[in-house]
Amino acid sequence: YWVDTMKVGAIVDTPGNSPHSAFSWYSAQTLANVTNTVQHIARARGSRVPVLWGLEASRGAGLIKRAAMFPAGIGLAATFQPKHAYAAGRVTAKDSRAAGYQWVFAPYAGISVDKRWGQEFLGFGEDPTLVSQMVTSSVRGLQGDYKKDRARVACCAKGFIGGGEQLVSGQARSMRQITDAHLLEYHLPGFEAAISAGTASIMQAPGSLNGETLGTSPYYLRTLLRDKLRFRGVMLADRHAAIHAQMQRLHSAADARDAIFLALNNTSIDIGEESSLINSQSEFAQTIRGLVQEDRVPEDRVTESVARILQLKKDLGLFEQPYADPKLAPLVGADQDVESAQDAVRESITLLKNEAGVLPLSVRDRVLFVGPHLNSTALLGGGWNVHSQGPSDREADDVYQGLGGSVMAAVRKVAGSHAPTAYHSGFYVNSPEILPAEFSQLVRLARQADKIVIGLGEAPYSGSPESDLTELSLDAHQIELVKRLHAAVPRAPIVSLLVSGRPRLLKEAGDISAAVVNTHLPGIHGGLPIAEMLYGKYSPSGRQPVTYPRYESQVRDTMWQSISTDYAPAWPFGFGLSYSPMEYSNLTLSSTTLRPNSPISIRMTVHNTGALDQKEPILLYTSNRFRTGYEPELYRLRRFSKVDVRAGTAMAVEFTLTAEELAYYNRDRTRVIDSTPVNITINALTPNERTISVNLLA
């Protein structure tokens, strides 16, 4: 029916991606059998046009069994190393192609502002400069020369536009109010980067922007996307009922037929959402046919979209060879892919607090490890890992059949089987209870320990609307456990190890903890890198890619917010400690004046005075002393680099800065430069902050 009658052109997802499908995590070869069979049918019947297979794969092809899984986007961003986004994209592309999937819904190209948002973990953080560089590398890793290289895929930059800045309770599909200047300054750069890197497709964000529904907006989806950004690729409606939402939730269309008409007539959307592409009613396709027959939608409008879709299929080589390449299947989960994922985890782990040098641990320390996040591969994996919501409770870690590994399994390997360690679950992720008998046993173990490491965090989620939070606080029973354990055994310092796709408020637990380690959402291969970091096998080098709030009122705070707004989070954007002390000196400028068309150089010396080699992120910000008629930002990231500084050595580092970068959008959506003194700050709001000033002349 779908091939003969509806002439379906694209299919997304895998047969096993269902919360009700236990142990249905299929290998690349099994999925290739499915995709190949459908391609045989599509080539022989109906329109005889190959099917475009699409897959959600934002951090590795996690829905394909054995595929290497990288840290979530927020973890990749924490590395401040775009090469890891490239590596994740390259591996994702190869593994997806092995299963017959040629199209991947990644990367997320917007910024994230509201920390309660369920899709926070998918993106690359809050800063447009960081996001842009990560997006560029991700697109290049996924696509490469995809028109010739059949181990690459077409990618789809997601979230156009403003999806990460919600007005109501962090809800992804809530109303958003974003001025044009703000939108162009902060939200647009990630998509400009994706388009410059050659993204083959873009997915719209759901909901409305300034009261105008995105799914029917001629300004956002034609004027801005097609005319200003000159995007010529395929435009995809949000997969979660973006078009039907105009009628069902947003009330911006009379009925489903009207919603589809508005989407086609007003915008440049080429492909309707998943629920319209493949459902029992086939409403989307049938409605389009009727609208054309009634002359309400010109046939040329449909032809325009069909041409873009067919061109994409041609670019991917589907008309020549639409089947999965059998030579790729044995390469899924290759050792070098797993090592690449682990390297990304190592550079993402962010040390936020380390009082009295409680970390690293010694193999002689008697350490009690507490919490299910430390003894579970599935919890390290999070969402889009086996299934969209992660493994089911029934599957748990059994579904991996030895793939990946927990922190505790890695601790036994790193510290040695004879190291004085113990483990207690302490609590259940989805249960608010701490049973008295279990807590008594936990206290007995804690009294024998020199140090206590507690894993805190979230259960897996996919980023669907149900993942949005009304409150950012960590679950109360986890905070309560830290408080009660500290009260019972106050002499043993507590290390809180966070496994979470967004920064959850730690409240008293953050103050009690002698050390806080943010692993973000490391993926199923994260156990070993985490254990190595805890025991000092390397010095941590991750930095916060988002502001980590202290209070609920700070959930929308960012490093680039207006200078007049208080900014006092638990940990600022760009913050992170290491085991090796670093000294910054000799900060100089090639000129004290910065003019258009005359870049300046900023030079400094970085000295590693510690005993461990250090991968050191260096972040360069600017702050205007004033802007004529407009508030300047508190800090604006302009450049960053990560350098390898061997123990006991120093190295020179240099950045280039242009006046044009310091232009900003005014009310008329025009970029302007003010003559003003500008502070250039290295590693703002960290122990290694250094500042020097330059005069900006328009």
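Visitor: How many residues does helix H3 have, and what span does it reach?

Guide: Start with the general idea: an α-helix has 3.6 residues a turn, so residues three or four places apart point the same way. In this predicted model, H3 runs over residues 82-98, which makes 17 residues. From first C-alpha to last it reaches 25 Å, close to the 24 Å expected at 1.5 Å a residue. Just after H3, glycine 100 takes a positive phi of about 90 degrees.

Visitor: Is H3 largely enclosed or exposed?

Guide: Count the buried residues, meaning those under 20% relative accessible area. In H3 that is 14 of the 17, so the helix is largely enclosed by the rest of the structure.

Visitor: On to the cysteines. How many disulfides are there?

Guide: For a disulfide, look for two cysteine sulfurs within 2.5 Å. Here you'll find zero. Take cysteine 155: its nearest cysteine sulfur belongs to cysteine 156, 7.5 Å away. That's too far for a bond.

Visitor: Are those two buried or exposed?

Guide: Cysteine 155 is buried, with a relative accessible area of 0%. Cysteine 156 is buried too, also at 0%.

Visitor: Which residues line the largest cavity?

Guide: There are 17, with Ser58, Ala106, Pro107, Phe124 and Ser138 nearest its centre. H3 turns up again, giving the largest share, four residues. By type, the lining divides into 10 nonpolar, six polar and one charged.

Note on methods. Residues numbered from 1 in each chain as written. Predicted model: local features only at pLDDT ≥ 70, side-chain atom pairs only at ≥ 80, totals over all residues. Heavy atoms only, no water. Helix = DSSP H or I, 4+ residues; strand = E, 2+ residues; numbered from the N terminus. Expected span 1.5 Å × (residues − 1). Buried < 20%, exposed > 50% of the residue type's maximum accessible area, 1.4 Å probe, protein only. 1 Å grid on protein atoms, 1.4 Å probe; cavity = no way out; pocket = protein on both sides within 12 Å on 5 of 7 lines; lining within 4 Å. Nonpolar A, V, L, I, M, F, W, Y, C, P; charged D, E, K, R; others polar.
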